[in-house]
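Colleague: Could you take me through this model and tell me where its labels come from?

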Amino acid sequence: MKKKLISIVAAAAVVSASGTAAMAENKAPEVFVNSVKIMFADQEPVILGEGYTVVPARGVFEAMGANVEWYEETRTVEVASKDHNTVIKLAIDDSTMRVYDMSNMLDSFLISDDLDIPETLINLDVPPQIIADRTMIPLRAISEALNADVQWDGAEYTISITTNDIPMNATGIPGYSLSTVADTIAEGETVDVYISANNIPTNSYVAAVTAMVKYNKENFEFVEGSLVDGDIPVNSVANAVNTKTYDDSLLAVFVTTDSAAAARTDGSVLRLTFRSLNGGEGEFALTNLYDTAMGYKTTLKLDEMSENSGFVSKVYSGNDLIIDTEPVWVNRVAE
């Protein structure tokens with residue numbers, strides 16, 4: 001049986017059509033992908049009918065590594081799995097979801113109408129629809145079609161999605177951890193909190209660090225930050241710190257300009273300095289949120305030497321970056 005052309009393209013902004021839909025009165029559940037919390041830039045998830053959750057087309061599935069494309073003229077959404085072996089096609093107000101098995105296609109980017117592509121039709125409990133000018137599609141049905149596990153926790157009001165490509169261990173995968181050399185400081189004194197990178201590949205250097213750090217804003221204020229190679233400062237031309245982010249966290253972005261001095265081995269790569277406002281307790285911890293508009297909030301960019309083309313940049317995030325979220329403390333009160 002012949003099948004129509006299935007397009008598999010890079011992720012792009014999903015343009016929403018106009019329209020309205022009735023939203024359930026339930027509060028929006030929190031959604032996690034591989035333990036990473038999804039922060040919705042505008043429209044949050046909505047629970048419809050008998051407890052069926054729809055989410056914006058962008059964000060959740062991109063955090064799973066999928067590609068998402070919206071076609072305005074046909075009011076359809078296509079979701080392609082990370083490995084391009086599965087393509088899901090949905091249409092606004094259509095309760096039938098089409099799932100295509102692309103695993104035997106030699107070139108999934110050049111599919112013709114003459115190819116016989118296995119297709120599975122799935123009846124949806126709630127169809128894709130437009131809510132607050134955003135394209136909303138079923139969370140569980142699409143996640144499971146992408147071979148992910150979906151768990152609902154009614155007590156915590158959370159949805160946890162686990163993909164099938166989580167690394168079994170951290171061997172060889174770059175990662176971040178947090179440390180500080182001071183256990184106690186007085187009011188007005190400063191403390192340096194270090195972010196260390198580990199498993200940096202051979203012939204690579206740290207080109208950029210993006211780090212989201214949660215801390216006690218009532219007891220500490222951010223002073224400054226800088227790239228370092230161990231204890232040695234590294235020149236950085238681009239740096240930005242936003243102290244008004246999700247969960248009272250600090251978002252720091254630093255880019256290396258002095259590649260010769262940049263970190264090339266495991267160790268400290270970013271120093272953040274905080275001042276005690278009152279001598280109170282301080283907890284500092286790395287977080288790894290995913291913003292539906294901006295992507296992962298904690299990333300590591302490495303320039304790696306290639307035999308043929310010099311240095312090649314690669315950004316590590318999500319499953320490609322192991323983040324130690326264990327907090328470090330200053331002025332901790334004994335329990």
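This is a predicted model: local features need pLDDT of at least 70, side-chain atom pairs count only at pLDDT 80 or more; totals for chains, interfaces and linings use all residues.

Colleague: What makes strand 5 and strand 6 a pair?

Modeller: Strands are DSSP runs of E with at least two residues, numbered from the N terminus. Two of them pair if DSSP finds at least two bridges between them. Strand 5 and strand 6 (residues 76–80) have 5 bridges, in the antiparallel sense, so they count as a pair. Within strand 6, threonine 76 is the residue opposite tyrosine 71.

Colleague: Why are strand 5 and strand 9 at the edges?

Modeller: The open sheet has 5 strands in the order 5-6-7-8-9, paired antiparallel. Strand 5 (67–71) and strand 9 (119–123) each have a single partner strand, so one side of each lacks a neighbour in the sheet.

Colleague: What makes up the lining of the largest pocket?

Modeller: It divides into 14 nonpolar, 10 polar and 6 charged residues. Nonpolar means Ala, Val, Leu, Ile, Met, Phe, Trp, Tyr, Cys and Pro; charged means Asp, Glu, Lys and Arg; the others, Gly among them, are polar.

Colleague: Which strand supplies the largest share of that lining?

Modeller: Strand 22, with 5 residues. Strand 2 (36–39), strand 22 (282–287) and strand 27 (322–323) each give at least two.

Terms used
Residues are numbered from 1 along each chain as its sequence is written. Side-chain values use heavy atoms; hydrogens and water are left out. Helices (H or I, at least four residues) and strands (E, at least two) are DSSP runs, numbered from the N terminus.
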